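Here are my notes on the charged side chains of this structure. Please read them with the model open.

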Amino acid sequence: MPTVSESLAKLSESMAGLSQRAKEAEDHIAAAGKETREELEARVAEAKATAQRRREEMKARGTTVKDELASAWASLVAHVQEQFEKMRARLEEKRDDFDAKAAERRAERAEANAADAVDFAQYALDEAEAAALEAADARKIADSLHPGAPPSASQK
């Protein structure tokens, strides 16, 4: 049974990784203005492949989880992914259309979609923080209800 400090250390490490990944994404976006279309297309393909891999990992975890909240979270992720796919499909349909007005509208939609994705990521980060803190609280409660177990590091 993990202690509160072990549980928090693992969650803190996960949040640090998320922070690092957010910084990498920020750097990629800042560099995008200096890249050619071909370089950008390659970076888009790479980002989509990474997102697909994570989505498959989350689906695999979701199928093994029996907890109702985890199932609801998996359902939410699937719904959000479906919406992102619909947005991308609309953009892909028009990608080769070089009409200036249409291209401008597509760019504005893509920028709005990106802003929405960032907002969702911020929301997900807030939820992750709340869930991690709730996990710490649940671990403290579990520790306090286990009279025979050694106390967690935070209770020493």
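1. Is E57 buried, partly exposed or exposed? The model is a predicted one, and in it E57 has a relative accessible area of 35%, so E57 counts as partly exposed.

2. The partner of E57 is R53: their side chains form a salt bridge with an N to O distance of 3.1 Å. Both residues belong to helix α2 (residues 37–64), where four residues, about one turn of the helix, separate them. R53 is partly exposed as well, at 40% relative accessibility.

3. A salt bridge also joins K86 and E82, at 3.5 Å from N to O. These two lie about one helical turn from each other because they are four residues apart in helix α3 (residues 68–94). K86 is partly exposed at 42%, and E82 is partly exposed at 41%.

4. R43 pairs with E35 in a salt bridge, and their closest N and O atoms are 2.6 Å apart. Here the two partners fall on either side of the 20% cut-off for burial: E35 is buried at 17% relative accessibility, whereas R43 is partly exposed at 27%. The count of salt bridges comes to five.

5. R109 is in helix α4 and is partly exposed, with a relative accessible area of 36%.

6. A patch of negative charge gathers D126, E127, E129, E134 and D137 on the surface. D137 is located in helix α4 and counts as partly exposed, at 45% relative accessibility.

Methods: Residues are numbered from 1 along each chain as its sequence is written. This is a predicted model: local features need pLDDT of at least 70, side-chain atom pairs count only at pLDDT 80 or more; totals for chains, interfaces and linings use all residues. Side-chain values use heavy atoms; hydrogens and water are left out. Buried means under 20% relative accessible area, exposed over 50%, partly exposed in between (1.4 Å probe, protein chains only). Patches are made of residues with over 30% relative accessible area and no salt bridge: like charges are joined within 9 Å, nonpolar side chains (Val, Leu, Ile, Met, Phe, Trp, Tyr) within 5 Å. Accessible areas come from the Shrake-Rupley method with a 1.4 Å probe; for residues, only the protein chains shown count as cover. A salt bridge is a side-chain nitrogen of Lys or Arg within 4 Å of a carboxyl oxygen of Asp or Glu. Lys and Arg count as positive and Asp and Glu as negative; His and the chain ends are not counted. The place of a charge is taken as NZ of Lys, CZ of Arg, CG of Asp or CD of Glu.
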